[in-house]
Amino acid sequence: MTVLEVRDLTVRFGETPAVQGVAFEVARGEVLGVVGESGSGKSVSVLAVLGLLPRQAAVTGSVRLHGRELLGAPEKELTALRGRSLAMVFQDPLAALTPVHRIGDQVAEAILAHQDLPRKQARARAVDLLDLVGIPEPGRRARAFPHEFSGGMRQRVMIAMAVANDPDVIICDEPTTALDVTVQAQILDVLGTARRETGAAVVFVTHDLGVVAGLADRVMVLRAGRVEETAPVDDLFFRPRTAYTRNLLAAVPRIDRRHRRSAPPPGGERVLQVEGLVKRYGRGARAVDRVSFAVRAGETFGLVGESGCGKTTTLMEILALAAPQAGRIVVLGRDTAGLTRRERLELRRDLQVVFQDPMASLDPRMTVHDIVAEPLRAHGLAADRVPELLRLVGLDPGQAARYPQDFSGGQRQRIAIARALALAPRLLVLDEPVSALDVSIRAEVIALLADLKARLGLSYLLVAHDLALVRGIADRVAVMYAGRIVEIGPVEAVFAEPRHPYTRALLAAVPVPDPARERARRRAPLRGEPPGGAAAYPGGCRFRGRCPVYAELAAAPASRCVNEEPELGGADGAACHHPSGGTR
Amino acid sequence: MAGFLARRLIGYVVLVAVAASVAYLLAAVALNPRANYAERTPRPPESAVDAQLAAYNLNDKEPLASRFATWAGGALRGDFGRTWNGASVNDDLGRRAGVTLRLVAAGLLLGAVAGIAVGACAAVGQYGWFDRLSTLASFGVLAVPTVVLANVLIIGAVWLNDLTGMKIFLVSGEATPGVDSVLDRLRHLVLPTLTLALGMAAVFSRYQRNMLLDVLGADFVRTARAKGLTRRAAYGRHALRVALIPVATYFAFTFGALLVGTTVTETIFGWYGLGQQLVASIRANDVNTVAAISCLAAVALLVAAVAADVLHAVLDPRVRAT
């Protein structure tokens, strides 16, 4: 039974159409995945269904809910439907909750908007809903404010609000994009629960083809505001009809596939060596605790982990080129602790960085030429290499007089790379270099990085949360959890035969763009959430609270996990007392 | 929170002490109370003037440090000394502070409430007729000096009085001498309050409009609408509630600043308040009064800062932690 039917939906902002002739329908209990890259009109389409676009948007076509036309319906009627028949879960759960109201009150508000209940009863129902979506101690947590919740918990609250009035349609706009993979797996689970409880039709907007593969019954691909194709999920992934879809699928890095790569020169010199690095902020717990690894010449070393695990802190400590609180950092044979100001400046030429968000890391008031020339000038060098550098990253030197905002996201990241290369560094630190980019653009930038590495003999230290990307381009990888490296080794060894239970869980949580494999997968999301930077750790293994292996151990072997902190054996290995126990 | 406030408070006390000391030293060096006696006819003998000035701690023949020590000792006990002709500074300022407080409280409160309402309506209907009209009006008010604004109001009031043949608005002073009724006070209060409130409303409306525009497009407002809240409820309970936080801080600071900052309004309407007295005492070479009002201004501003912190914490749970 079709619940929601959209026909010939067109949305214009001024003259330019953002969405043109989009059509889809969803039936009760069905999940429709809507995928597309940024600017494809996926969010605009679903907001148009809810009638929540800004007023300057002109919407035409037809949106029918249970056969009733919504476009052009009086605002009063729409208000009555929103939150009752049509519910919505938004992307960024921090921004989507009002910061000054208590969680319980915000959920109760969703109930009170449609049901004539005493306030007290609505509050009690809100607590039940928080319990349903898996918030521990819902009665106490209902009195907390949004900033006291983690990202995953906030998204659970959003889902609780969405299901508060037993809706017919739940629209989810990138609901897991801002979350870590293990938390994403939990939230997808909760959404599944919500769907079963309400029997609602679900429209799931995302750019992540892996998520769609495991969740959707049918998929609609949008491109530049138009429907590229709509097909049952298996057909779309296995028999895509359009070239665009095929390219989109091909551009997704796959975590479940081996990658052929030219092996780095074995036993090359160590360009970076970190030994027993410690960093704590104030009196808090150690954000980075006794971390050791080495990057060899010509190698790409991946540092992975979820938010708050200490990977960015590790990076910042290395980039500071100063004496760490404890431990040693050796860059190109120079111990950073003993550097004079002058030596530090010189060493900085050899160590450069590319940040995640090119929009934020490029000064909008500087021309591209000035941006790329800045490191040269800072080191007292002539800026005549700028055109050459721009050509190197595939940009037209003729555009050097323009500003960052005149370029697309992928081009901006190329500018950032050109700036990092200006001083001809030997080690490049890449901090989530492509996570702000679309899938197809991502592939281009990754290819560029691989090409530059080969041509210029660079070494990369890559920090990323995208495990598929790391499998695709890294030679060696270290997995961090709660400030420590829990597993380290050659990338194929770690990904194909992970030894630490955390690594296994992390890899298992990544959805693969293959519907058959996703369906076949035994879903057992890791419980709990990654500990934040400020959490204090008791003795023993830091992961045991969430560890599936520990949970099933007998008392005697388990006591080792409680009393003794596992250490990495040597250059490769896992910091676990029972690396082969439990799940295998 | 309490510890945080206590630390802030200690910092503020130090700041007040520094500000007041600097103000006293500046006034003692720059002003010359002796000149007030020199203009008298018959001119009093120098020894008599010395004795008189010394009695009020104003004698410039005494070292500055020793005068400052005397003043500071008094100020610490809450005694700001004597005016140049021997009256108690404390008594005078106590009276005047009351006058100013009544004026500022009414004017600022009215202006802030009106400004927030106008700014909120303007933001919700951005680029609509009300937005354009209120923008024009507030820039108009901001462009006109207070002197002109006050006199325009007076002219309008007199015209209205004439038109109705009744004395609705009274222009001079806080109350008619000899009459002691609430109505009489209110009739005196309307015009100066309005002068102050209009200026405040103009500023607040612009500020509130921009703050609200920043959050109207926020995700949480969209969430509120998606829950099924009406536009009005979503804007009121969610957007305005959040947009009020910075405006409340501004409100607290304005209150502190206005205590000695309404000189023009006080002067025009014959309200003998602190602002008017500050200017008058500088003219009169009245070192101790100038120092006392400066000290009061510093205290007022820092009390306002504490109030702003408290208000911020009350309105925004995010800053309450730790």
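**Close-up views of the predicted model**

**View 1. Crossing of helices α16(A) and α17(A).** The helices α16(A) and α17(A) cross in a right-handed sense. In this predicted model, α16 of chain A covers residues 409–421 and α17 of chain A covers residues 439–456. Their axes are 9 Å apart and meet at an angle of about 20 degrees. Because angles under 35 degrees count as roughly parallel, α16(A) is described as roughly parallel to α17(A).

**View 2. Residues between α16(A) and α17(A).** From α16(A), the contact is made by G409(A), G410(A), Q413(A) and R414(A). The residues that α17(A) brings to this contact are I441(A), E444(A), V445(A) and L448(A). By class, the contact of α16(A) with α17(A) holds three nonpolar, three polar and two charged residues.

**View 3. Contact between chain A and chain B.** Chain A gives 23 residues to the contact, and chain B gives 19 residues. On the side of chain A that touches chain B, the elements giving two or more residues are α2 (75–81) and α3 (103–112) of chain A. That side of chain A has 14 nonpolar residues, together with five polar and four charged residues.

**View 4. Domains of chain A.** Chain A is divided into domain 1 (2–251), domain 2 (271–350 + 425–584) and domain 3 (352–424).

Technical notes:
Residues numbered from 1 in each chain as written. Chains lettered and ligands numbered in written order. Predicted model: local features only at pLDDT ≥ 70, side-chain atom pairs only at ≥ 80, totals over all residues. Contact = placed C-beta atoms within 7 Å. Helix = DSSP H or I, 4+ residues; strand = E, 2+ residues; numbered from the N terminus. Nonpolar A, V, L, I, M, F, W, Y, C, P; charged D, E, K, R; others polar. Axes fitted to C-alpha atoms, helices over the stretch in contact; angles between N-to-C directions. Parallel < 35°, antiparallel > 145°, perpendicular 65-115°, else oblique. Left-handed = near helix turned anticlockwise from the far one by under 90°. Domains from an automatic or database assignment.
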